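Welcome! Keep the picture in view as you read.

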Amino acid sequence: MGKDHPGSGEVLSATPGAEDACTSVLSANLKKAGYEAPTPVQMQMIPVGLAGRDVIASADTGSGKTVAFLLPVVLRALERPVAPPSGVTGIILTPTRELAIQIERQAKELMVGLPNMRTALLVGGMPLPPQLHRLKQNIKIIIATPGRLLEILKQKAVELDGVRIVVVDEADTMLKMGFQQQVLDVLEQVPDDRQTLLASATIPLGTEQLAARLTQDPVRITIGEKNQPCSNVRQIVLWVEEPSKKKKLFEILNDRKLYHPPVLVFVDCKLGADLLCEAVQKVMALNTVAIHSDKPQCARNRILKGLLEGEYEVVVSTGVLGRGLDLVNVKLVVNFDMPSSMDEYVHQVGRAGRLGYRGTAITFVNNNNKRLFLDVVNRVKPTGSLLPPQLLNSPHLHEQQRRERQRSRKGEDTIVTKNNLIDIIRKHDRSTSKK
């Protein structure tokens with residue numbers, strides 16, 4: 001789009017169908033919330049979204065995607081509907097309750113002082129009756145996890161036939177098996193002529209193919225290196241054998257250069273989170289808390305609030321805090337357990353570099369993670385970070401590199417170019433003549 005593209009205030013004032021008074025209130029709300037100048041993803045995504053186009057957006061973690069899709073949703077809700085005169089106009093789907101809560105909070109910041117603009121937060125783990133009651137209050141925008149929204153749709157407590165815009169946030173997770181069918185079931189109840197916005201830090205090939213089927217002639221927006229961690233995050237990969245991981249974590253928490261509380265530590269299971277939390281409290285005497293999906297939602301909300309307000313020095317988490325959350329005071333992330341996929345790695349590492357702030361992510365690896373060695377090298381080495389010799393000299397890595405070279409050679413043989421077209425035809429003629 002380039003630097004001549006207007007900033008968010010100019011985009012809003014030019015939006016057809018929005019009242020001048022409402023757009024001035026919305027512009028004031030943006031400034032009050034600290035959105036002085038648009039980020040690169042906002043500069044590209046907001047005008048396209050306001051133009052009514054479908055979007056598939058891939059942008060660095062912490063790049064400001066939430067506001068980039070919230071503004072088109074809010075502006076659509078402000079437009080005078082043809083029919084019905086009231087009802088839900090926008091839906092935002094997210095994979096986690098914490099992310100849904102954060103998005104609703106940001107939406108409310110933008111909508112302060114706007115008439116008849118109400119949101120409903122529909123997530124599991126919280127009482128259903130208050131959510132059903134909320135839906136009776138002329139709601140314009142629903143922010144939901146798909147399971148709870150489907151539960152409410154089955155009770156016919158809300159109708160989606162007036163929905164004009166749908167956002168699928170963290171699209172790669174939402175379109176994986178497990179969430180995929182739930183998302184499709186929700187979209188079946190939304191008009192076909194809706195606008196659809198899909199956003200994530202990582203959009204793998206399989207997800208992108210499904211995303212393309214859910215959208216109509218989408219504009220693809222990629223900010224930063226596709227499927228790569230945010231450039232604001234310094235990545236450190238350490239070779240640490242399983243029995244030594246706690247000791248290494250304690251060393252990091254004792255290191256004055258590295259330790260900047262609150263520290264977010266990711267583990268791969270709920271029991272591991274509780275046990276590691278207990279160990280950090282006992283050995284380091286730091287104010288530590290564990291968060292995972294077995295905790296009641298009210299406790300999870302309280303922990304997240306405490307993390308944002310600096311109440312805790314260390315938070316040990318499973319993947320529930322790994323996606324989309326703006327944990328702006330977190331400068332250090334430790335992947336105590338290497339995530340199960342590089343997409344999850346990108347998201348978890350990204351908690352340390354939000355909205356332009358610099359951060360550090362330290363990841364422990366050993367032979368338990370050998371399946372990901374090649375991916376780790378391909379993702380981390382280009383950033384200039386040093387990789388442990390145990391990883392670089394691993395026979396598992398060398399075998400994976402050999403297979404990749406073989407695959408790329410096969411791919412080269414089958415790509416048709418002007419130069420190799422005649423050779424391909426000759427090979428084909430020889431092989432058919434032998435049959």
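**Exercise 1.** Which residues are exposed on the other side of helix 11?

*Solution.* Before we start, note that this is a predicted model, in which local features need pLDDT of at least 70 and side-chain atom pairs count only at pLDDT 80 or more, while totals for chains, interfaces and linings use all residues. Residues are numbered from 1 along each chain as its sequence is written, and side-chain values use heavy atoms, leaving out hydrogens and water.

Step 1: Find helix 11, residues 245-254, whose buried members are Lys-245, Leu-249, Phe-250, Ile-252 and Leu-253. Buried means under 20% relative accessible area, exposed over 50%, and partly exposed in between (1.4 Å probe, protein chains only). Helices (H or I, at least four residues) and strands (E, at least two) are DSSP runs, numbered from the N terminus.

Step 2: Look down the axis of helix 11: the buried residues fall within an arc of 160°, so they line one face of the helix. The arc is taken from the directions that lead from the helix axis to the C-beta atoms.

Step 3: Turn to the other side, where Lys-247 and Asn-254 are exposed.

Step 4: See what the buried residues of helix 11 pack against: strand 9 (263-266), helix 12 (270-284), strand 11 (314-317), strand 12 (332-335) and strand 13 (359-365). Contact here means heavy atoms within 4.5 Å.

**Exercise 2.** Describe how helix 4 and helix 5 meet.

*Solution.* Step 1: The axes of helix 4 (residues 65-78) and helix 5 (residues 97-111) come within 10 Å and cross at roughly 55°. Such axes are lines fitted to C-alpha atoms, for helices over the stretch in contact, with angles from 0 to 180 degrees between N-to-C directions.

Step 1: Helix 4 and helix 5 are therefore oblique to each other. For the cut-offs, angles under 35 degrees count as roughly parallel, over 145 as roughly antiparallel, 65 to 115 as roughly perpendicular, and the rest as oblique.

Step 2: From helix 4, Thr-66, Val-67, Phe-69, Leu-70, Leu-71 and Val-74 meet Ile-103, Gln-106, Ala-107, Leu-110 and Met-111 of helix 5. Sorted by class, the contact of helix 4 with helix 5 has nine nonpolar, two polar and no charged residues. (Ala, Val, Leu, Ile, Met, Phe, Trp, Tyr, Cys and Pro count as nonpolar, Asp, Glu, Lys and Arg as charged, and the others, Gly among them, as polar.)

**Exercise 3.** Where is Thr-94, and what does Thr-94 touch?

*Solution.* Step 1: Thr-94 sits in the loop between strand 2 and helix 5.

Step 1: With 0% relative accessibility, Thr-94 counts as buried.

Step 2: Not counting residues up to four places away in sequence, Thr-94 touches several residues, including Ile-103, Pro-146 and Met-174.

Step 3: Thr-94 and Glu-170 are 76 residues apart in sequence, with 6.6 Å between them in space, C-alpha to C-alpha.
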